[in-house]
Structures are given as C-alpha cells and as structure tokens.
Amino acid sequence: MRILVVEDESDAARFLAKGLRNQAFAVDIAVDGLHAVEKAALATYDAIVLDLMLPGLDGFAVCSQIRRSSNMVPILMLTARDSVPDRIAGLNAGADDYLIKPFDFQELLARLRALLRRRPLLESPVLEIADLRVDTHQQRVSRGGATINLTTREYSLLEYLVMRRGAVVGRAEISEHVWDETYDPLSNLIEVYVQRLRRKIDQGFPVRLIHTRRGEGYQLTTEEVPGV
Ligand code: CA
C-alpha cells in the first residue's frame with residue numbers, strides 16, 4: 001500500500017519513510033503543503049501521514065483542500081502540541097486521527113493500520129485465499145501452512161493482489177498502490193515481480209492462484225482462467 005508522508009523536517013520525513021518502507025509500504029514524501037495537495041490529486045494514496053506545522057499551507061489547510069476535492073483517503077495528522085483546539089480543528093478539517101509528537105513509531109504504525117482497516121479492502125489483518133495466508137501486520141506469508149519468504153516488494157505486490165482477490169487488477173492500479181512516484185510506467189518491473197511471486201506462491205501447488213488476464217492485468221483466484 002502506498003502512503004504519502006507530508007513533513008517539512010527532512011530528518012523526520014526520512015525516518016518515517018524508512019520505517020514505513022521497512023513495513024512494505026510504498027512511500028512518497030511531500031515537504032510542504034502545496035506539494036502535498038498536488039501529490040494527493042495526482043496519485044491514489046492508501047493513507048496520508050500529515051504534519052500539522054508546515055511552511056505555507058499548514059496541515060489544516062492541506063486536509064481541507066484534499067477533502068474539498070472529495071478525496072476520502074485516510075489522514076493521520078501529526079501535531080507537536082497536545083492542544084485540544086488543534087485536535088478539534090484537525091478532526092473538523094477532515095483528519096481521521098491524530099498523533100502527538102514525539103511519538104513512538106510502533107504507535108504510528110498501529111494507528112495507520114487501524115485507519116487502513118476501516119477501508120473495505122483490508123477488513124482483517126489476516127487475508128486468505130484458498131490455502132494462502134497473508135498476515136499484514138507481521139508481513140508473513142504461508143501456503144498450506146509452509147512459510148514463504150518474500151522480499152519487501154514481492155510482499156507488497158502480493159498483499160495488494162490478495163486485498164483485491166477475485167478482481168482483475170490492472171498494471172496502472174498496481175503501480176499506484178505498490179510502487180512510489182519513482183516507478184517508470186515503461187518498465188517491466190511488474191511482470192518481473194509477478195513471475196517471482198508465481199515461482200514462490202504457485203510453483204509445486206496443484207491450484208494456481210496468480211493468473212494473467214491478457215491485456216487487462218492480473219487476477220488472484222482459485223478458478224482457472226481460460227486462455228492463459
Ligand atoms: Ca513540521
């Protein structure tokens with residue numbers, strides 16, 4: 001899943017991005033409010049971590065502008081002050097939750113996951129299809145009870161496909177949610193990663209789960225798709 005981190009202090013932004021990438025999130029960074037609003041309009045983020053104190057447009061204004069464009073992306077606001085008026089203003093501006101700085105990274109992660117779980121795609125921390133099991137909190141994958149070791153990116157891709165299980169997922173959608181803004185749409189990275197996942201997830205199992213829908217994308221399903 002892809003997260004936008006909005007934070008003008010570069011150390012804090014790097015710390016957050018690194019921590020989230022370690023947890024298999026794709027992360028983009030915006031260093032001020034204007035860029036945050038621009039990025040939120042251009043890409044489909046699964047959540048936004050938004051610092052309140054920003055140069056130019058502050059977090060409240062960013063939040064209001066994003067909501068005014070009918071974008072309901074979950075927003076976790078970071079505030080340096082434990083002030084009740086700030087919290088109320090943040091929630092009124094459309095933030096879903098807030099966290100007071102300095103915060104513990106594990107708490108940020110827990111709150112972020114709680115926000116992501118409110119969305120229908122990730123109703124439960126453990127996702128399953130047939131005998132494939134994906135624990136989205138531990139980033140652990142098993143099939144038929146046997147652990148499967150994946151790289152962070154392989155895991156992110158599989159997690160997204162499992163969240164959308166049953167649906168045909170196009171490459172544009174995959175790149176939006178699994179890669180960050182540095183993704184080159186002309187590359188064949190998605191094919192490469194799907195091949196790697198196939199080897200790890202499907203090879204040696206009687207039921208194939210990862211199917212290619214030519215010209216459309218990929219589908220995680222227990223049903224054989226004709227013509228592939
Ligand atoms: Ca700041």
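Helices here are DSSP runs of H or I with at least four residues, strands are DSSP runs of E with at least two, and both are numbered from the N terminus. The model is predicted, so local features need pLDDT of at least 70 and side-chain atom pairs count only at pLDDT 80 or more, while totals for chains, interfaces and linings use all residues. Residues are numbered from 1 along each chain as its sequence is written, and side-chain values use heavy atoms, with hydrogens and water left out.

Let's begin with backbone geometry. Most residues other than glycine have a negative phi, and most peptide bonds are trans. A24, in the loop between α1 (10-22) and β2 (26-30), has a positive phi near 75 degrees without being a glycine. Q139 sits in the loop between β7 and β8 and also carries a positive phi, about 55 degrees. A cis peptide bond links K101 to P102, with omega about -5 degrees; P102 belongs to the loop between β5 (97-100) and α5 (105-117).

How accessible are these loop residues? Buried means under 20% relative accessible area, exposed over 50%, and partly exposed in between (1.4 Å probe, protein chains only).

| Residue | Relative accessible area | Class |
|---|---|---|
| A24 | 4% | buried |
| T136 | 5% | buried |
| Q139 | 23% | partly exposed |

A polar atom of the T136 side chain is 2.7 Å from the backbone oxygen of P125.

Methods
A polar contact is a pair of N or O atoms within 3.5 Å; within protein, one must be able to donate a hydrogen and the other to accept it, and residues adjacent in sequence count only if both atoms are side-chain atoms.
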